[in-house]
Amino acid sequence: MEHDVHLKVSSYECCMLCPRKCRADRHAGKRGFCGQTDEIRLARAALHFWEEPCISGKNGSGAVFFTGCTLRCIFCQNREISTGESGKAVNTEELARIFLNLKEKGAHNINLVTPTHFMPSVCDALKLSGEQGFDLPVISNTSGYERVQCIREFGNDIDIWLTDIKYADPLLAGRFSGAYDYTEYAYPALEEMVRQAGGALFDEAGLMKKGVIVRILVLPGHTKEAKAVLDKLYHCYGNDIYYSIMNQYTPPVFLRNGGIIKEYTELNRRLTKREYDKVTEYALSLGIENAFIQEGETSFDSFVPAFDLTGVLGEG
Ligand code: SF4
């Protein structure tokens, strides 16, 4: 549990924006675990059509991909941007302009992809864009590895929490994502998201305006883990939240090319239909009604866009 929840966290000078609590002076150019200074870096800002139907709609979701991440998932499909230096620096005014541009392109919402480590700047940019007519629902598309205090501090700017809950077992969270404390943070953070969002709200076209969608990516060989996550969630929230049960796991290239790391060999294959069916049937047996279920074969590869700076001012 967090013992310092009374501390204000919205500062880059002694950064405690996420559970890593590095205390890095990002304002002075230092980098914490996420690998980022206080300079906002984006890899792409464009319409995205591969989210849940109530998010993508017909026109697409205005997805803004931030560089850096607070987790180190061994199976990360966005490795190109989650680590390292990719992306382009933008300032707050430019980020506000990007939000407005996406609105002009017809986006149903703004979909902040992995924004946790830039939330103070994101909120400033949302305020600026709001002064210029921006009024779309704002989505935080997060790994779930969040601090309650940050959800409280920045939550007023978020309408929809599109959050992963990756694990029920802390050991697996440590092994696969480098965060043995994932469950210690993710479940209380989700509780705060649900408290803030209240009941889900949809417009007449079926687009979500407000609410919480929890994504559960089923990993090969780990259907028990996915079921344990569903158990925990359903026990706490029943059908007050939406569940998105995902079958799109694809072994990352470095595992596909020989599975070089022995301890991860179980991840060197796709999920079978039987495994996925087991989990979705279990969800139904629990009584889950609000679930997004993927039909047929899907693959992460097809959902990963080019991180080529499209839509990042002056590019793409
Ligand atoms: S946001 Fe980055 S620097 Fe800040 S605590 Fe998290 S990992 Fe560390």
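**Cavities and ligand**

Tutor: The largest cavity has a volume of about 90 Å³. A cavity is a set of points on a 1 Å grid over the protein atoms alone where a 1.4 Å probe fits but cannot get out. Points are joined across faces, edges and corners, and the volume is the space filled by probe spheres set on them. This is a predicted model: local features need pLDDT of at least 70, side-chain atom pairs pLDDT 80 or more, while totals for chains, interfaces and linings use all residues. Residues are numbered from 1 along each chain as its sequence is written, and side-chain values use heavy atoms, without hydrogens and water.

Student: How many cavities of 30 Å³ or more are there in the whole structure?

Tutor: The search finds three.

Student: Which residues lie nearest the centre of the largest cavity?

Tutor: Cys15, Cys18, Cys22, Arg26 and Cys34 do, out of 13 lining residues. Lining means having an atom within 4 Å of a point.

Student: Where does the ligand sit?

Tutor: In the largest cavity. That means more than half of its atoms lie within 2 Å of the cavity's grid points.

Student: Which residues are around the ligand?

Tutor: Among them are Leu17, Lys21, Phe33 and His117.

Student: New topic. How much of the chain is buried?

Tutor: Buried residues make up 56% of its 316 residues. Buried means under 20% relative accessible area, with a 1.4 Å probe and protein chains only.

Note on methods: On a 1 Å grid over the protein atoms alone, a cavity is a set of points where a 1.4 Å probe fits but cannot get out, and a pocket is an open set with protein on both sides within 12 Å along at least five of seven lines; lining residues have an atom within 4 Å of a point. A residue is near a molecule or strand if one of its heavy atoms lies within 4 Å of it. Buried means under 20% relative accessible area, exposed over 50%, partly exposed in between (1.4 Å probe, protein chains only).
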